[in-house]
Amino acid sequence: MEMSRERFEELVGEALDEVPEELLGLMSNVVILVEDDPPPGENLLGLYEGHALTDRGWDYSGVLPDRILIYRNPILRICDTDDDVVEEVAVTVVHEIAHHFGIDDDRLHALGWG
C-alpha cells in the first residue's frame, strides 16, 4: 500500500478527532508522533514510551513528555486499501492511548483493541 506521509499524518489526526473529548482532556504530558519505521528488529505498529497515568505518583515532575509513536510503513505493509489504513490507524492510536492510561496488552486484546 502506498500513501504519502502527509496523508498518513492526516489519518492520525482524524483518529484523534474520534477520541472522546473527555478522554483527551485527561491525557497529560504526552505527544503523538508519526515515524516511518520502528527501531531495528522491532515489529510494531505503534509504541507508547513513558509513565502511564496509573504509575505516576507524587514524585512525578520535571520529566519529558511521554511519546506515542505511530509507525507508518508497518501499517501500510499490512493494509490493502485506504479504508484498511484508516481502520488500522484508528485501532493503533486507541491502543497506544490506552497504554497511556495504564491498560496493558492483554486487556486491550480482550476488549478487541489488540
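**Close-up views of a predicted model**

View 1. Val89 touches Phe8, Leu11, Val12, Ala15 and Ile75, with residues up to four places away in sequence not counted; contact means heavy atoms within 4.5 Å. The model is a predicted one, in which local features need pLDDT of at least 70, side-chain atom pairs count only at pLDDT 80 or more, and totals for chains, interfaces and linings use all residues. Residue numbers start from 1 along each chain as its sequence is written, and side-chain values use heavy atoms, with hydrogens and water left out. The largest nonpolar core has 21 residues, and Phe8, Val12, Val85, Val89, Val93 and Ile97 are those with the most contacts inside it. Two or more residues of this core come from each of α1 (5-18), β1 (30-35), β3 (66-71), α3 (72-78) and α4 (82-100). Helix α1 gives the largest share, 5 residues. A nonpolar core is here a set of buried Ala, Val, Leu, Ile, Met, Phe, Trp, Tyr and Cys residues joined through side-chain atoms within 4.5 Å. In soluble globular proteins, nonpolar side chains tend to be buried together.

**View 2. The chain as a whole.** The chain holds 5 helices and 3 strands, where helices (H or I, at least four residues) and strands (E, at least two) are DSSP runs numbered from the N terminus. Read from the N terminus on, the order of the elements is α-α-β-β-β-α-α-α. The radius of gyration is 14 Å, close to the 13 Å that the globule rule gives for 114 residues, so the chain is as compact as a globular protein of that length. This radius is taken over C-alpha atoms, and the rule is 2.2 Å times the number of residues to the power 0.38. The C-alpha trace spans about 45 × 30 × 25 Å along its principal axes. Of the contacts in the chain with a separation of 6 or more, 72% are accounted for by residues 24 or more positions apart.

View 3. Buried residues make up 34% of the 114 residues; buried means under 20% relative accessible area, exposed over 50%, and partly exposed in between (1.4 Å probe, protein chains only). The accessible surface of the chain comes to about 7000 Å², and 49% of this belongs to carbon and sulfur atoms. Accessible areas come from the Shrake-Rupley method with a 1.4 Å probe, and for residues only the protein chains shown count as cover.

View 4. Thr92 has its place in helix α4, and with 4% relative accessibility Thr92 counts as buried. Apart from neighbours within four places in sequence, Thr92 is in contact with Leu45, Gly46, Ile70 and Ile75. Ala90 is also placed in helix α4, but at 27% relative accessibility Ala90 counts as partly exposed. Ala90 touches Ala15 and Trp113, residues up to four places away in sequence not being counted. Ala90 and Glu18 are 72 residues apart in sequence, and their C-alpha atoms are 8.4 Å apart in space.

**View 5. His100 in helix α4.** His100, in helix α4, is buried, with a relative accessible area of 0%. Neighbours within four places in sequence left aside, His100 is in contact with Met27, Ser28, Val30, Tyr48, Ala52, Leu53, Arg56 and Asp66.

View 6. Gly102 is found in the loop between α4 and α5 (105-110) and counts as partly exposed at 38% relative accessibility. Its contacts, leaving aside neighbours within four places in sequence, are with Ala52 and Thr54. Asp55 is found in the loop between β2 (46-49) and β3. Asp55 is exposed, at a relative accessible area of 62%. Asp55 and Phe101 are 46 residues apart along the chain, and 9.1 Å separates their C-alpha atoms.

View 7. Asn29 lies in the loop between α2 (21-26) and β1. The phi angle of Asn29 is near 55 degrees, a positive value in a residue other than glycine. At 30% relative accessibility, Asn29 counts as partly exposed.
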